[in-house]
Amino acid sequence: MSTVDKQLEEMQAEIENEVPPDISITEVKYEGPELVVYTRDPKRFASDGDLVRRLASQLRKRITVRPDPAVLSKPDSARETVLNVIPEEAGITDLDFHIDTGEVVIEAQKPGMVIGRHGSTLREITQAVGWTPEVVRTPPIESSTVNNVRNFLKQERDERRDVLERIGRQIHREQLSDDEWVRITTLGCCREVGRASFIISTPETRVLIDCGDKPGAEDEVPYLQVPEALGSGANSIDAVVLTHAHLDHSALIPLLFKYGYDGPIYTTEPTRDLMGLLTLDYLDVAAKEGRAPPYESEMVRDAIKHTIPLEYGDVTDIAPDIKLTLHNAGHILGSAIAHFHIGDGLYNIAFSGDIHYDDTRLFNGAVNEFPRVETLVLESTYGGRNDYQTDQTDSERKLIHTIKNTLDRGGDVLVPAFAVGRSQEIMLVLEEAMREGDLPEVPVHLDGMIWEATAIHTTYPEYLRDDLRERIFHDDANPFLSEQFNHIDGGEDERREVADGEPCIVLSTSGMMEGGPILSWIEHLGTDPDSSLVFVGYQAQGTLGRRIQNGWDEIPIGNGGGRQNTLSLDMDVETVDGFSGHADRQGLENFVRTMNPRPEKVLCVHGDESSTQDLSSALYHEFNMRTFAPKNLETFRFV
Ligand SMILES: [Zn+2]
């Protein structure tokens, strides 16, 4: 008998010992990091609201209880009973019974009403029908990404269960070594922005953190071939942790599956969905630009199938000697700081990913309290000594002023924006300004992936800032559903009509004007001196956006039949800073100053050479801690 089986047998005995004698336990097994307990008496189990929590803390495992398939009531009659138990206002949109697991997945507009006070309605459901309810939110704005991911996972249920069981046995395998050491190797994004990737190794375990691409330099991929990474085969990696969905962190995660990786990806649920959206778009763009995509869309599906979603604050075993906890990073939807607890109190490392320290309209500021942390790996995008951003209130005032002037003289306002994050932040500014009378109520058109990204945001209000979440949850005052917003889904005809019509605001991708519908908008509006082009995000060196900022006014347009025309840009060009998703220099210092506990060592990464060095030396002088600005391919030993 394998050690894992022996371990499961012992745990089954311990559980039988703990539960009342008339509750029968038929099987105990691992599914990913969770311990699944099958019982013939799910109703008795559910009647003691505290039982599962007691078992979880005694066994130090995450526990899910499932009915033994033999005792389930028929789906048809169960359906009726479930609908009777749940209040009508919950707005059930789908009920799906899974015989193999005894779960009923309930999709509802108001999941809170399905859950009930402290889970009381859920327990009532189990008591009535024996099935284990699982609740998901109906997206308030229909999202094809969320639909596709959910349908795909439904389809792949059987295979996914096998994947999870295999991962579960892997996580709980016997520890083989008595050695104690902990190392980090830097595989990318050191003294550069892009291709974020690190590896933590211990005698037992190797964990890859992020696997990104470098925008504009797609041939520079992370050093996955060195022995410390995938050199001895992708299967030597135990787990992958993804901090957030931006392509400089996520783009090459699917590539790992092409290399033969078949382990778990730990991240948040919204990051999983956004990763699907952004990596598929990444393949699309590569194909359109005539580059060979590094992997096929099949590998994106593999990545989604192997994703184990975690919520902020969940402490999760990901290896015999490593526990992972994700915390809000305040950067984009679902973005996380990854905290690793290694060994039995041996060492603690936090990877910041990308962070925003202060609250924004969309998100609460980054978490910087941890039970313990000895080393912090900190982003330094704006770590340079002069990298101070305009205060967001001032930026918002300037944006509203610029828009108002343009509308007053009868022009249109065109804002190139990234689909994820900045667009929704600007939408919230516009919605409030119109509601409070600071801007006239004109249509705001959303083009490119912005609508889809917004739909994903509204699917996961738990990940948004407190007051915004409350508006979406309770008041039916979802600002994203404001009637000002219009999704451009009618293609070129609709664009022409909008451009010829009344004054309006257009938010469109791509954010740096490197492609996407923004180029059509330039063709429609570019020659109108009354209209304005307003930049709200960083424009990288070499992009069309940066050139226009620098005064370029002959814009190449159209590529039909190899013919290139130019358009002379007569729009007013404005830049409004201050809407960044990153902490600026002050924010990074504040993050470290108020961090609890303060780390002993800081590795400054994810910034150009001078930013990482500036930040490293400032933190050293200010807080008297050991700081580093590593290069790629360095290895640090901590224990
Ligand atoms: Zn990012």
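Guide: We begin with the sheet and then turn to a pair of helices. This is a predicted model, in which local features need pLDDT of at least 70 and side-chain atom pairs count only at pLDDT 80 or more, while totals for chains, interfaces and linings use all residues. Residues are numbered from 1 along each chain as its sequence is written.

Visitor: In what order do the three strands form the open sheet?

Guide: Helices (H or I, at least four residues) and strands (E, at least two) are DSSP runs, numbered from the N terminus, and two strands pair if DSSP finds at least two bridges between them. Here the order is 1-2-3, with mixed pairing, and the edge strands, each pairing on one side only, are strand 1 (25-31) and strand 3 (62-67).

Visitor: How many bridges join strand 2 to strand 3?

Guide: Six bridges join strand 2 (residues 34-39) to strand 3, and the two run parallel; within this part of the sheet, Y38 stands opposite R66 in strand 3.

Visitor: How should I read two packed helices?

Guide: They are described by the angle between their axes and the distance between the axes. Axes are lines fitted to C-alpha atoms, for helices over the stretch in contact, and angles run from 0 to 180 degrees between N-to-C directions. In this model helix 4 (residues 75-85) and helix 6 (residues 120-129) pack at about 150°, with axes 10 Å apart. Helix 4 and helix 6 are therefore roughly antiparallel, a term for angles over 145 degrees.

Terms used:
Angles under 35 degrees count as roughly parallel, over 145 as roughly antiparallel, 65 to 115 as roughly perpendicular and the rest as oblique.
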